[in-house]
Amino acid sequence: MLFNRRLSQVRKVSRALSLSLLVALLLICRKGLKAAPLDDPPGESSLPVASIHLPFVSALATSAPLLSRTWGLQFTTELSPDWHAADLRLELQRGRDAGLGSIRTLLRWRDIEPDNVPPEEYDWAATDLRFDAYAAAGLGLIVEIVDYPAWATEFRCGGGLRDGMDAEWREFVRQAARRYQRPSHDVQLWEIGNEVDGETRIRETDWDRTDEWGRGQPTVPIGGCWAGREAAYVDFLGSAYETIRVESPGSTVTLGGLAVAGEEHGFDRGFFEAFLAAGGGKFMDVLSYHWFPGTDYGEAPLERHFSLVDGMRRHGVAAPIWLTETYQNVQRHHPEQESRQIAFLSREIVEMIAVADLERIVWYGFVDYPEDAMEAAGLWWHRGLVRADHTPRPALNILRRVVRATRGIAFIVDAPPNVAAYRFREPRSDIDHIVAWSLDGRINSLAIPIGPRDRVTVTRLDTARILAGECCLAEGRTAIDGRIAITVGADATIVRIHGAP
C-alpha cells in the first residue's frame with residue numbers, strides 16, 4: 001500500500017540518524033523561548049526544564065518545525081442556548097484541565113445579518129456571548145463562517161454568491177475580522193465554510209429536514225455545498241482571505257474543513273483536486289480536514305491523508321495540516337464500547353499525529369447530545385468524551401496524558417516488527433515521551449537507550465483499569481547498562497524521559 005511504502009521510508013530515515021547526530025542537534029538547538037507550562041499528570045513530578053528545540057527529521061514533513069501541538073474541542077450544542085449554557089458553565093474548565101488549548105466554533109452569517117442591512121445594524125449578541133466566554137476561558141478560537149443568508153447565496157450551505165453580493169460578503173467578513181481579533185479574542189484560524197466538498201445535488205431525503213435545518217437544500221446550514229463549483233468557491237474563499245488579511249494581518253485562513261468522503265456520504269472526492277487546479281491553494285494557509293474512525297472512506301486513514309498531501313505537492317502547495325474534526329463514537333445503550341475511545345486516544349490518533357505530522361486536533365462533540373434529542377433525531381451513537389449529564393467517559397481520564405505525551409516533534413522509534421513506538425520531543429525542553437504498544441496484542445519487549453542521569457517514568461494505560469476509573473499505573477525506572485527494557489502489550493504504554501540538564 002502507499003502508506004506502507006511511505007512508512008518504510010520514514011523508518012529508514014529514522015534508523016539512519018545516528019545517536020551522535022541527534023546529540024549534536026540537541027546541543028546546537030538549545031536556545032529558544034520557554035513554552036507555556038502544562039502541568040504534569042498526577043503521579044508525575046513537575047521539574048524545571050531547559051530550553052531546547054529539535055528540528056523535524058521525518059522524510060514526510062509537510063511544514064515548518066512544530067513549536068507545539070494544540071488539541072482543541074468543539075461543542076455540538078452551541079445552537080441550543082439551554083443546553084449550551086451548561087457547557088459554558090461546566091465544560092470549558094474541564095477542557096482546559098485536560099490540556100486543550102483551543103475551541104472550534106460557528107459564526108453564522110444568517111443569524112447576524114438575516115436581512116441585507118448596513119453594518120451598524122448587524123446583530124452580534126448571541127455570537128459575542130459565546131466568543132467572549134471562550135476567550136475568558138483562555139481558549140484560542142477556530143472560527144467557521146457558515147449558514148449564509150438566502151439573499152446572499154444560492155443555498156444556506158453555499159453553492160455560490162448571488163449577483164452583486166461579493167461586496168456584501170466582503171463587508172460582513174471585514175466586520176467579523178475587526179470585531180474578533182487580539183487582544184479581545186485569539187482567533188487562531190478562520191475557516192470559510194465547513195465540509196465544503198459537499199454536493200449541491202438535492203436528494204429526496206433533504207426534504208425531510210425542518211426549515212431551520214435546511215429543508216430542501218443540499219445539506220444542513222452548518223455544512224458546505226460547493227462540489228462541482230470549485231471556481232466559485234475559490235472566488236468566495238479568496239474574497240474572505242484578502243479581507244481578513246487586510247483587517248487582521250498575520251491571521252490564518254483556510255477552506256472549510258474537508259470531509260474527503262464519497263458520493264454515498266453526500267460528498268465529492270474530486271473536490272480538493274479541482275479546488276487546487278482552480279488556484280485555491282494560494283488562499284489556504286493550512287489544510288483542514290476531518291476523520292472519523294469507523295467511517296468507510298474506501299481507504300485507510302493514513303492513505304487518505306497522504307493522498308491530500310500528494311495533491312498539494314502536485315500543485316506546488318505546502319501547508320501545515322490540522323485535523324479540525326475527529327472523534328470515536330459509542331453506540332447508544334452500549335457502554336461496553338467506551339473502550340473504543342480509549343484505544344483511539346492512546347493508539348490510533350497517536351499514530352496519525354506522529355506519521356501524518358498533524359499540528360492541530362479537535363475533538364468534535366466534546367459533550368453528547370441529550371438523550372431526548374438523540375431519540376427525536378433518530379441518532380444511534382454518541383460522540384462525546386463527556387456524557388449529556390456531564391459525567392466523564394473513561395477516556396477523558398487519559399486525554400491529558402495523551403495531550404502531554406504527543407506535544408512537539410515526532411520520530412518513529414526503531415522497534416521490533418510487532419511493536420509500534422513513537423517518540424515526541426517537547427518544544428524547547430528536555431522532555432521526551434515514547435508511546436508504544438504491541439501490534440499483535442501479544443507481550444513484546446522494547447529496549448530504550450537512556451542517559452545515566454535521566455529521570456524515567458513508565459505509565460501503563462491499562463484499558464480495564466481506565467474503564468474502572470483507576471487510571472493509571474506509573475512507576476519510576478532506572479537505566480541498566482545505558483537502557484531500560486519495558487514490556488508492551490495491546491494497551492499503550494507511555495515512557496516519560498526527563499533528560500539531565
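Which helix is V234 found in? The legends below get to that after a look at the whole chain in this predicted model.

Figure 1. As for confidence, the average pLDDT over the chain is 87, with 86% of the residues scoring at least 70.

**Figure 2. Residues 1-67, where pLDDT stays under 50.** The model does have 124 contacts beyond four places in sequence for residues 1-67. A word of caution goes with this view. Where pLDDT is low, the predicted coordinates should not be read in detail.

**Figure 3. V234 and its contacts.** Here's the answer to the opening question: V234 is found in helix α7, which covers residues 230-247. Its relative accessible area is 4%, and since anything under 20% counts as buried, V234 is buried. Who touches V234 from beyond four places in sequence? The contacts are F275, A278, G279, G280 and F283.

**Figure 4. Helices α10 and α12 side by side.** Two packed helices are described by the angle between their axes and the distance between the axes. For α10 (residues 338-356) and α12 (residues 396-405), the axes come within 9 Å and cross at roughly 20°. Angles under 35 degrees count as roughly parallel, so α10 is roughly parallel to α12. The crossing of the two is right-handed. Which residues in α10 meet α12? They are I342, L345, S346 and V350, and they meet I398, L399 and V402 in α12. Sorted by class, this contact has six nonpolar residues, one polar residue and no charged ones.

**Figure 5. The cis peptide bond between R182 and P183.** Zoom in on the bond joining R182 to P183 and you'll find it cis, with omega at about 5°. P183 sits in the loop that runs between α6 (166-179) and β6 (187-192).

**Figure 6. The cis peptide bond from C471 to C472.** This view shows two cysteines in a row, C471 and C472, joined by a cis peptide bond. Omega here is near -10°. Where does C472 lie? Look in the loop between α13 (463-467) and β18 (473-477).

**Figure 7. E195, a residue with positive phi.** E195 is not a glycine, but its phi is positive, at about 50°. You'll find E195 in the loop between β6 and α7. Is E195 buried or exposed? At 14% relative accessibility, E195 counts as buried.

**Figure 8. D357, with phi near 60°.** Phi of D357 is positive too, again in a residue other than glycine. The loop that holds D357 runs between α10 and β11 (358-364). D357 has a relative accessibility of 2% and counts as buried.

Terms used
Residues are numbered from 1 along each chain as its sequence is written. This is a predicted model: local features need pLDDT of at least 70, side-chain atom pairs count only at pLDDT 80 or more; totals for chains, interfaces and linings use all residues. Side-chain values use heavy atoms; hydrogens and water are left out. Axes are lines fitted to C-alpha atoms, for helices over the stretch in contact, and angles run from 0 to 180 degrees between N-to-C directions. Helices (H or I, at least four residues) and strands (E, at least two) are DSSP runs, numbered from the N terminus. Angles under 35 degrees count as roughly parallel, over 145 as roughly antiparallel, 65 to 115 as roughly perpendicular and the rest as oblique. A crossing is left-handed if the near helix is turned anticlockwise from the far one by less than a right angle, and right-handed if clockwise. Contact means heavy atoms within 4.5 Å. Ala, Val, Leu, Ile, Met, Phe, Trp, Tyr, Cys and Pro count as nonpolar, Asp, Glu, Lys and Arg as charged, and the others, Gly among them, as polar. Buried means under 20% relative accessible area, exposed over 50%, partly exposed in between (1.4 Å probe, protein chains only). pLDDT is the predictor's confidence in each residue, from 0 to 100.
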